[in-house]
Amino acid sequence: RFSRFRPGSLLCRLNAAGGQPIPADAVFRSLLDRAALAVRQTGGRFDPSILPALEAHGYDRSIDQVRAAPLAVAPSPVSAQHGGLNAWAGVSIDHEAGVVALPCGMRIDLGGIAKGAFVDLLAAEFAHWPGGSIDAGGDAVVWGEAPDGRTWRIGIEDPHAPHTDALAIEIPEGSQAGIATSGTYRRRWQAGGHEVHHLIDPRTGNPASSNMPSVTALAETATAAEVAAKAV
């Protein structure tokens with residue numbers, strides 16, 4: 001439904017609609033609503049409309065394919081003219097009619113928020129359990145009784161030594177927390193002889209320049225944590 005690599009997915013159909021409304025189920029409409037809210041909450045620092053810039057840097061296939069056949073020439077920055085706060089104000093989400101539409105020219109990638117939303121959705125299905133953990137490759141929710149009866153311990157990977165923990169976060173038993181990590185050190189590839197990564201700065205259309213290779217955020221939900229980590 002949310003894949004940008006499957007032409008028949010709902011996301012790809014929306015991106016190809018040229019501004020025309022298309023039918024969308026409640027889960028898709030809800031996530032698009034949440035993405036639009038996140039853009040407003042972060043002042044545009046989180047912006048799924050960076051898809052054209054991501055593709056311009058060569059990430060238009062799976063990451064393994066991109067690494068196997070990198071761009072030979074340096075990419076040109078793609079402006080954010082079809083994104084930003086004003087563009088997102090024009091996103092149409094009609095829950096009554098069950099249709100959604102993007103402003104003409106806008107194309108989006110919901111990969112920066114969908115995984116967290118799915119974690120939250122699944123956690124809600126098990127909310128009646130005394131305690132539990134839902135983990136989707138680094139985006140997680142924990143709630144209720146911890147395995148040791150005291151605290152949930154969440155290991156945070158060291159970006160300079162992957163597969164080892166830099167620290168552990170302790171969450172008191174009985175609490176609920178969403179955890180998400182966003183980093184520049186895993187999804188990297190070559191483009192025009194330079195190493196680039198997948199976290200695009202919406203202001204420039206280029207991979208974000210930062211001295212932080214990894215950011216972990218905690219929030220009430222995994223969705224909120226994912227947005228916060230990416231914005232930071």
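Mentor: The account below begins with the basis of the model, turns to the pocket, and ends with the protein as a whole.

The model is predicted: local features require pLDDT of at least 70, side-chain atom pairs count only at pLDDT 80 or more, and totals for chains, interfaces and linings use all residues. Numbering runs from 1 along each chain as its sequence is written, and side-chain values use heavy atoms, with hydrogens and water left out.

A pocket is defined on a 1 Å grid over the protein atoms alone, as an open set of points where a 1.4 Å probe fits, with protein on both sides within 12 Å along at least five of seven lines; lining residues have an atom within 4 Å of a point. Volume is the space filled by probe spheres set on the points, which are joined across faces, edges and corners. The second largest pocket holds about 200 Å³ of space. Its lining consists of Phe2, Val27, Ser30, Leu31, Arg34, Ala117, Phe118, Asp120, Leu121 and Thr223. Two or more of these residues come from each of helix H2 (26-41) and helix H6 (111-125); helices (H or I, at least four residues) and strands (E, at least two) are DSSP runs, numbered from the N terminus. By class, six lining residues are nonpolar (Ala, Val, Leu, Ile, Met, Phe, Trp, Tyr, Cys or Pro), two are charged (Asp, Glu, Lys or Arg) and two are polar (the others, Gly among them).

One of the lining residues, Arg34, belongs to helix H2. Arg34 is partly exposed, at 22% relative accessible area, where buried means under 20%, exposed over 50% and partly exposed in between (1.4 Å probe, protein chains only). Apart from neighbours within four places in sequence, Arg34 is in contact (heavy atoms within 4.5 Å) with Gln41, Ile113, Thr223 and Ala224.

Thr223, a lining residue and a contact of Arg34, is among the buried residues of helix H7 (residues 222-231), together with Ala222, Ala225, Glu226, Val227 and Ala229. The buried residues of H7 pack against H2, H6, strand S5 (139-144), strand S8 (176-183) and strand S13 (214-219).

In the protein as a whole there are seven helices and 13 strands. Buried residues account for 43% of its 232 residues.
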